[in-house]
Amino acid sequence: HRPTWNPVKGGQDQGGNRSIVPTRQYSSKDLPSHTQIKYREPPSFSSEDYKNQLLQQESTVQKYPSEESSSEEEEPSDYSGEDLDEEELMAEFEKVKQERAQAENLKKLEEEAKKQELRNEQLLKGNPLIDTAPGFDLKRKWTEETVFKNQARGEPQPKKRFINDTVRNDFHKKFLDRYVH
């Protein structure tokens, strides 16, 4: 855009907004704002109160020891058949692991076979020359009809010649024939 004289002058005349009679209307954005400072309020409790509260919490923890240590002491450890049971459980656990691994391998193989079948189907359907689906025809443009083809084949091409006069050249003559005569 073009620079104007009024912004260059600045002041009251800036932007061509020169007013002869001052108005009493003003923008809310011109009003003063943030005229008061926020003061920090003192905390609601003192550091001594906080210390007393922490000491009370520590004393309640010392009065009631954790329940985990007491339950460990009460467990009897005289059980003799524990080793046999553990061996049987571990053997059964290994069997379950092997069965799950075999099931996962079977699932993976089935999924891969399905994916391969889908790929083959998509490849066959993607190529219209190979696809043997009934009712499938290649789409042709409407301009490919034989009526429209090779229409200008028999007509001789006019030879273009250069004339350095705008009134006598071929374009001007054709224009006059078309629009004036």
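What is the relative accessible area of D165, and is this residue buried, exposed or partly exposed? In this predicted model, D165 has a relative accessible area of 27% and is partly exposed.

**View 1. The salt bridge between D165 and R168.** D165 forms a salt bridge with R168, and the closest N and O atoms of the pair are 3.6 Å apart.

**View 2. The salt bridge between R161 and D170.** Here R161 is paired with D170, and their closest N and O atoms lie 3.0 Å apart. R161 counts as exposed because its relative accessibility of 52% is over the 50% cut-off, whereas D170, with a relative accessible area of 30%, is partly exposed. The count of salt bridges in the model comes to two.

**View 3. The nonpolar surface patch that includes F171.** The residues F171, F175, Y179 and V180 make a nonpolar surface patch of about 490 Å². One of these residues, F171, lies in helix α5, which spans residues 170-180, and F171 is exposed, with a relative accessible area of 64%.

**View 4. The chain as a setting for the close-ups.** The chain holds five helices and zero strands, so that, read from the N terminus on, its elements run α-α-α-α-α. Of the 181 residues in the chain, 1% are buried, and the chain exposes about 20100 Å², of which carbon and sulfur atoms supply 52%.

How values were computed
Residues numbered from 1 in each chain as written. Predicted model: local features only at pLDDT ≥ 70, side-chain atom pairs only at ≥ 80, totals over all residues. Heavy atoms only, no water. Patch = residues over 30% accessible without salt bridge, like charges linked within 9 Å, V, L, I, M, F, W, Y side chains within 5 Å. Areas by Shrake-Rupley, 256 points an atom, 1.4 Å probe, with all protein chains shown as cover. Salt bridge = Lys/Arg side-chain N within 4 Å of Asp/Glu carboxyl O. Helix = DSSP H or I, 4+ residues; strand = E, 2+ residues; numbered from the N terminus. Buried < 20%, exposed > 50% of the residue type's maximum accessible area, 1.4 Å probe, protein only.
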